[in-house]
Each structure stands twice: as structure tokens, then as C-alpha cells.
Amino acid sequence: RMGILDIEVWGKDSRKHEERLGTCKVDISALPLKQANCLELPLESCLGALLMLITLTPCAGVSVSDLCVCPLADPGERKQIAQRYCFQNSLKDMKDVGILQVKVLKAVDLLAADFSGKSDPFCLLELGNDRLQTHTIYKNLNPEWNKVFTFPIKDIHDVLEVTVFDEDGDKPPDFLGKVAIPLLSIRDGQPNCYVLKNKDLEQAFKGAIYLEMDLIYNPVKASIRTFTPKEKRFVEEARKLSKKILSRDIDRVKRITMAMWNTIQFLKSCFQWESTGRSAVAFVVFLVTVWNFELYMIPLALLLLFIYNFIIPTKGKVGSIQDSQESTDLEEEEDEEDKESEKKGLIERIYMVQDIVSTVQNILEEIASFGERIKNTFNWTVPFLSFLACLILAVATVILYFIPLRYIVLIWGINKFTKKLRNPYAIDNNELLDFLSRVPSDVQKVQYAELKPCSSQSPLRKKRSAL
């Protein structure tokens with residue numbers, strides 16, 4: 001829809017106070033298609049200007065329909081879509097990685113949010129920055145939506161979030177449950193029952209939702225996209241200070257620190273001959289490695305580590321999920337204390353302390369997540385990413401074996417120096433960090449884990465049975 005684009009600039013401080021700073025407008029109909037337009041727009045009602053880069057591109061793939069009008073159900077249309085993402089078209093339109101079709105069938109045994117013992121449920125689907133929702137079914141705890149949603153895929157490592165809400169008139173909707181489904185875990189064309197989880201995606205909530213999903217994508221485009229910056233979420237809730245999260249992050253950093261400390265102690269024991277056999281083997285390996293060392297052996301050694309973990313899966317794969325579940329399974333009394341402390345936090349010093357602790361909490365989470373992502377890459381937590389890493393390491397081994405290091409560094413430096421000249425709007429990035437950002441941390445593994453309907457019991461039911 002071509003017309004006027006209204007833009008508002010807002011400011012927010014640490015006290016969650018928001019203030020509109022200014023507005024501006026853009027006439028989209030006057031802009032050319034498929035071309036980057038750099039605009040400097042003066043803000044109305046205040047000083048300053050907004051520097052924007054606007055590109056108009058036709059959007060295809062996003063749709064909402066009934067079950068009877070299912071895009072991928074038509075063999076001719078499905079063949080046409082599959083042809084668009086076949087191997088021959090791997091280098092065409094690199095941003096169009098694939099397409100996802102989600103059938104939202106029904107939900108069962110939802111939580112009663114109204115005084116009448118019923119709910120007015122609707123379902124919100126989020127994939128990256130795309131948000132679509134179903135219609136509301138009033139006065140029903142077992143709604144049947146039977147809607148089909150189609151999303152374009154920009155990143156195969158995105159996670160589909162499906163949230164069920166209760167419509168509450170003019171008030172914000174009430175939460176009824178949520179599930180998070182990584183795209184790479186989707187089983188095509190099979191109806192699945194997903195147990196709803198709480199807002200943190202860590203424990204079972206009341207009810208379940210039935211979904212059927214189809215995924216078509218190009219592996220080459222998906223692999224190349226892995227080494228580019230991850231798209232940031234436009235709508236993202238601000239992280240609140242929580243004793244539960246802070247305690248969990250401290251435990252995660254402690255586990256990583258202990259693993260590094262144990263590795264250092266193991267190396268020291270080899271030098272001190274605490275175990276004669278182990279030290280003798282380590283000494284021979286050291287002599288042979290140093291005498292025959294070549295640069296290509298570094299990626300080769302990492303590749304062998306991937307192969308070892310693929311043949312002999314580590315026990316920590318399951319244990320890490322259990323540890324994360326145990327660390328996050330804290331009492332509800334702590335959450336209530338957090339809420340009370342937030343209500344009482346009206347003094348300036350308290351806000352300052354909260355900001356400091358919140359910053360420390362975020363730093364700890366970043367450190368813990370970084371270490372866990374490295375571990376989960378070698379543990380084959382996401383086979384697609386681990387296989388991609390093996391392929392890159394194999395190529396790096398061959399390149400380092402045949403091509404002198406100075407030529408590789410020269411090519412890398414020329415690319416870095418000329419990047420801004422070739423593309424003035426290019427975003428500087430680190431391909432290794434972009435790759436690791438796609439690997440889930442231990443906490444995300446728990447959040448994305450699918451709960452079995454028969455084995456899980458809602459905490460609400462447990463409370464009622466206890467009463």
C-alpha cells in the first residue's frame with residue numbers, strides 16, 4: 001500500500017518513562033523501487049533530524065488463509081515454490097532463504113481467564129520481525145482456528161514463537177501459554193501437539209496447541225546467511241532484574257570457569273608427572289606435534305574433535321539440559337519478592353543500583369552464553385551448524401595446506417579495506433561471532449525443548465491437587 005509513512009521518535013529513561021521527541025513523514029509513492037534512498041528528515045516540533053536509508057522491495061510469501069486455501073497443498077504451486085529454492089537457484093535473491101507454512105489447527109484444555117470459567121483465545125505467531133495472528137474465538141477453552149499462515153524465511157536459524165492470549169477488551173490481553181519451535185526442528189507435514197509453556201518457556205503451562213508445519217528452504221543460501229549479522233528484533237521486552245536469572249547466570253559462568261580450570265590442572269599434571277603413563281603419552285604427542293607442526297593442522301584438529309563428538313556423543317548433552325532445568329526450577333516465592341521489590345523501588349538510588357546489577361546480569365549472561373555456544377557447536381546440538389563448521393574447517397585445512405599464509409592474509413586485508421568502498425552501507429561484522437550467535441545456549445536448549453503431553457503436568461494442576 002503506497003502512501004505516507006509516519007515516523008515517531010521516542011525517548012525512554014531507566015524509570016520506564018517514555019516521551020515523544022518528534023515526528024516526520026515520508027512520501028513512499030515518490031521513491032523508486034529496489035533502490036537505496038538516503039534521506040535526512042527534519043523532525044517536527046523539536047530540533048534535530050532523522051537520517052534514514054529506505055529501500056522499497058516487493059514482499060512475497062506472507063499470507064493468512066483458511067485450510068481449504070492452503071498454498072502448499074496444491075501440487076502445482078508446491079512444485080513451483082520448490083523450484084524457486086532448488087540448488088540451481090542458490091545464488092539468486094540471497095535474502096529469500098525459504099518459505100514456512102504453519103497450520104494453526106486448535107488448542108485444548110486452556111486456562112480459564114474470565115470469571116465465567118471461559119476464555120476468549122486468539123493465537124499470535126512471530127518469526128523474526130513478522131507477526132501474524134488468528135481471529136478470536138469467544139467463550140471457549142478448546143478453540144479451533146483452522147488457519148494457514150505463510151512466512152518468508154530470512155534466516156533458517158530463526159525460532160517460531162506461538163503464543164496464545166485471552167482477549168480482554170480495551171485492556172492488554174492475558175497470557176494463556178507459549179511455545180518456541182526452531183525452524184530446523186520442524187517435521188514437515190506432520191500434525192504435532194505442543195504442550196504450552198510459561199512466559200519464560202521453562203515450565204509446562206496449562207493446555208496444548210496443535211500445529212502442522214511445512215518448511216522449504218535452500219541449504220546454500222541458509223549456510224551463507226549464517227555468517228552474516230543476525231537480524232535484531234524490533235519488538236523486544238526490556239530485561240528486568242531478577243534474582244532467579246542472576247543466580248542462574250552466575251552458576252553458568254561458574255561451570256564454564258570450572259571446566260577451564262580443570263583443563264589447566266590437567267595440563268599441569270602432565271608436566272608434573274603425576275601419572276607416568278599419561279605424562280609419557282603427552283610428552284611424545286608434544287614432540288611429534290611441534291616437530292611436524294603446520295598451520296593447516298589447527299583446523300584439522302578441530303575437525304577431528306567434531307568427528308569424535310559425532311561418533312561418541314558426550315554425556316553432557318543431556319546433562320546440560322537437566323542442569324539448566326534444575327537451576328531454573330526455583331520457588332515462586334522468589335518471583336513474588338522480585339515483584340514486591342520492583343513496586344517499592346521509587347528512590348533514585350534504588351534505580352541506580354538496579355541499573356548496575358542489571359548490567360552485571362546481562363554481562364554474565366553474555367559470557368555464559370558465549371561459552372555454552374562454543375561447547376554446543378562441538379556437541380552437535382544443531383547438526384546443520386556443526387556440519388557446516390566441519391565443511392568450513394575441511395576447506396580451511398586444504399587452503400592452508402596448499403596456499404601460503406601471506407596470500408590468505410593479503411586477500412583478507414584487501415577485502416576488509418575495500419568493503420566500505422564497494423558498499424558504503426555495508427555493516428562491519430565478524431563472521432565467527434555471527435555463526436556462534438545462531439548456536440543455542442543451554443538455557444535456549446531448555447526453552448526450545450518439546451515437552452511430551454503425557455509426561456508433563458501443569459503446575460496449576462499440581463497446586464489444585466495439593467489443596
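Modeller: Let's begin with burial: a residue is buried under 20% relative accessible area, exposed over 50% and partly exposed in between (1.4 Å probe, protein chains only). Here Y296 has a relative accessible area of 19%, so Y296 is buried.

Colleague: What should I know about the model and its numbering?

Modeller: This is a predicted model, in which local features need pLDDT of at least 70 and side-chain atom pairs count only at pLDDT 80 or more, while totals for chains, interfaces and linings use all residues. Residues are numbered from 1 along each chain as its sequence is written, and side-chain values use heavy atoms, leaving out hydrogens and water.

Colleague: How many aromatic pairs does the structure hold?

Modeller: Nine. Rings of Phe, Tyr and Trp (its six-membered ring) pair if their centres lie within 6.5 Å; planes under 30 degrees apart count as stacked, over 60 as edge-to-face and the rest as tilted. Take F165 and F175: their ring centres are 6.5 Å apart and their planes stand at 80°, so this pair is edge-to-face. F165 belongs to strand β10 (residues 159-166) and F175 to strand β11 (residues 174-182), 10 residues apart. Strands (E, at least two residues) and helices (H or I, at least four) are DSSP runs, numbered from the N terminus. F165 is buried at 18% relative accessibility, and F175 is buried at 16%. Ring pairs also link F122, F165, F175 and F205 into a cluster.

Colleague: Which kind of pair do Y296 and Y401 form?

Modeller: Y296 and Y401 are edge-to-face, with 4.9 Å from centre to centre and 85° between the planes. Y296 sits in the loop between α4 (276-292) and α5 (297-311), while Y401 is in helix α9 (residues 383-402), 105 residues away.

Colleague: Now salt bridges. Which residues are linked with R252 in a network?

Modeller: D249 and E372 join R252 in that network. A salt bridge is a side-chain nitrogen of Lys or Arg within 4 Å of a carboxyl oxygen of Asp or Glu, and the structure holds 13 of them. The closest N and O atoms of D249 and R252 are 3.1 Å apart; both residues lie in helix α3, three residues apart, about one turn of the helix. R252 also meets E372 at 2.8 Å, N to O. E372 lies in helix α8 (residues 348-378) and R252 in α3, so their bridge ties together parts that are 120 residues apart in sequence.

Colleague: Are D249, R252 and E372 buried or exposed?

Modeller: Buried: D249 has a relative accessible area of 0%, R252 has 2% and E372 has 3%.

Colleague: Where do E8 and R20, another bridged pair, lie?

Modeller: E8 is in strand β1 (residues 4-12) and R20 in strand β2 (residues 18-27); their side chains meet at 3.3 Å, N to O. E8 is partly exposed at 44%, and R20 is partly exposed at 48%.
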